[in-house]
Amino acid sequence: MGKYRLFAYDLDGTLLATDKSLPEENRSALIRAHGEGIIMVPSTGRLYLGVNPEIRSLGISRYYIVCNGASLYDAEKDLSLYSAELPLDDMLALTDYLKTRFDVAQGCYRSDIGLMSFKDRDNLSHYFKDSFMMGYILSVHRGVPDLREEIAGAGLPVSKTSFYFADPAERQYCLETLPSVFPHIKFTSSVPNNIECNSSMADKGLALEALCNELGIPLSECAAFGDGLNDIPMLKAAGLGVAMANAPDDVKAVSDMIADTNDNAGVGKTMLSLLDE
């Protein structure tokens, strides 16, 4: 084993190919790393139950960073080791602000369940060109008559809410301006047409730090892999931050190393090289 004791890796655009499959070279590298004693930590904007069954069934991961770091989940004990949820008032304010000004669909994760209005579910093809991602969104969001009413009525915070844009220019404008309108909320993105909204205390870097504290592992002995804006805190926190070649420049700029693309098994190739150091 090399000098790293923990590998944390994003899924979409990183570990998974564009078609959401797990490249065989990545699968083999994950299994080898686990066999050599490396702690393997999927780190994603998804819910735990939204993680590909293929990945969960490998049996190599006990800990999962989910919902952009809003939760650090211990699958063995079925409990959250770290939680940073978005307050109800913030969720409703974001909904009112974006839904009345822009052409967006909205989904949210609450209590390990995805929710989306029937209207937005029925109109998702207006917002998605990627049929694989659209299928995933449909699979993890249960339809409700009115999302705002559902959330307000329950009176509970949410792990994350996401907005999906039809117009790239509107999305870019919102990415640039939302932090000044809602300075206490964290805005990131994991796919080209979305903005993901979390508590200011929810990010993959903080969740990784919480896990390292739990396990007694220095962050310097962690390697992290990612491609999206929501991966930046994790890439900066880890001793080695690895950006994919398909990542935007903002992600590459904070990274220590650039791997091959997700479609060319960049994660697996880099993991193997680290194991052989």
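Predicted model: local features only at pLDDT ≥ 70, side-chain atom pairs only at ≥ 80, totals over all residues.
1. Let's start with the largest pocket: helices α1 (11-15) and α8 (168-181) each give at least two residues to its lining.

2. How much space does the largest pocket hold? Its volume comes to about 760 Å³. Its lining is made of 30 residues, and Arg171, Ser190, Val191, Pro192 and Asn193 sit closest to the centre. Sorted by class, you get eleven nonpolar, eleven polar and eight charged residues.

3. Next, the second largest pocket, with about 280 Å³ of space. It has 18 lining residues, and those nearest its centre are Ser71, Ser80, Ser111, Asp112 and Ser159. Strands β4 (71-74) and β5 (79-83) are the elements that give two or more residues to this lining, with β5 providing the largest share, three residues. The lining of the second largest pocket splits into nine nonpolar, five polar and four charged residues.

4. How many cavities of 30 Å³ or more does the structure hold? There are two. The largest has a volume of about 140 Å³, and of its 20 lining residues, Gly45, Met133, Lys160, Ser190 and Glu196 lie nearest the centre. At least two lining residues come from each of α6 (131-140), β9 and β11 (194-199). By class, the lining of the largest cavity has six nonpolar, seven polar and seven charged residues.

5. The second largest cavity holds about 40 Å³. Around it you will find Asn68, Lys186, Thr188, Asn198, Ala202, Asp203 and Asn230. One of these lining residues is nonpolar, four are polar and two are charged.

6. Have a look at threonine 161, in strand β9 (residues 160-165). Is it buried or exposed? Threonine 161 counts as buried, because its relative accessibility is 0%. A polar atom of its side chain lies 3.0 Å from the backbone oxygen of glycine 107. Setting aside residues up to four places away in sequence, threonine 161 touches Leu86, Met91, Leu94, Gln106, Gly107, Cys108, Ile195, Glu196 and Cys197.

7. Last, the nonpolar cores. The largest has 67 residues, and Phe7, Tyr9, Met40, Leu208, Phe225 and Met271 have the most contacts inside it. There is also a second, separate core of 25 residues, with Met91, Leu147, Phe187 and Ile195 among them. Back to leucine 208: apart from neighbours within four places in sequence, leucine 208 is in contact with Leu6, Ala8, Ile65, Leu219, Cys222, Met234 and Ala238.

Methods: Residues numbered from 1 in each chain as written. Heavy atoms only, no water. Helix = DSSP H or I, 4+ residues; strand = E, 2+ residues; numbered from the N terminus. Buried < 20%, exposed > 50% of the residue type's maximum accessible area, 1.4 Å probe, protein only. Polar contact = N/O pair within 3.5 Å; in protein donor to acceptor, adjacent residues only side chain to side chain. Contact = heavy atoms within 4.5 Å. Core = buried A, V, L, I, M, F, W, Y, C linked by side-chain atoms within 4.5 Å. 1 Å grid on protein atoms, 1.4 Å probe; cavity = no way out; pocket = protein on both sides within 12 Å on 5 of 7 lines; lining within 4 Å. Points joined across faces, edges and corners; volume = space filled by probe spheres on them. Nonpolar A, V, L, I, M, F, W, Y, C, P; charged D, E, K, R; others polar.
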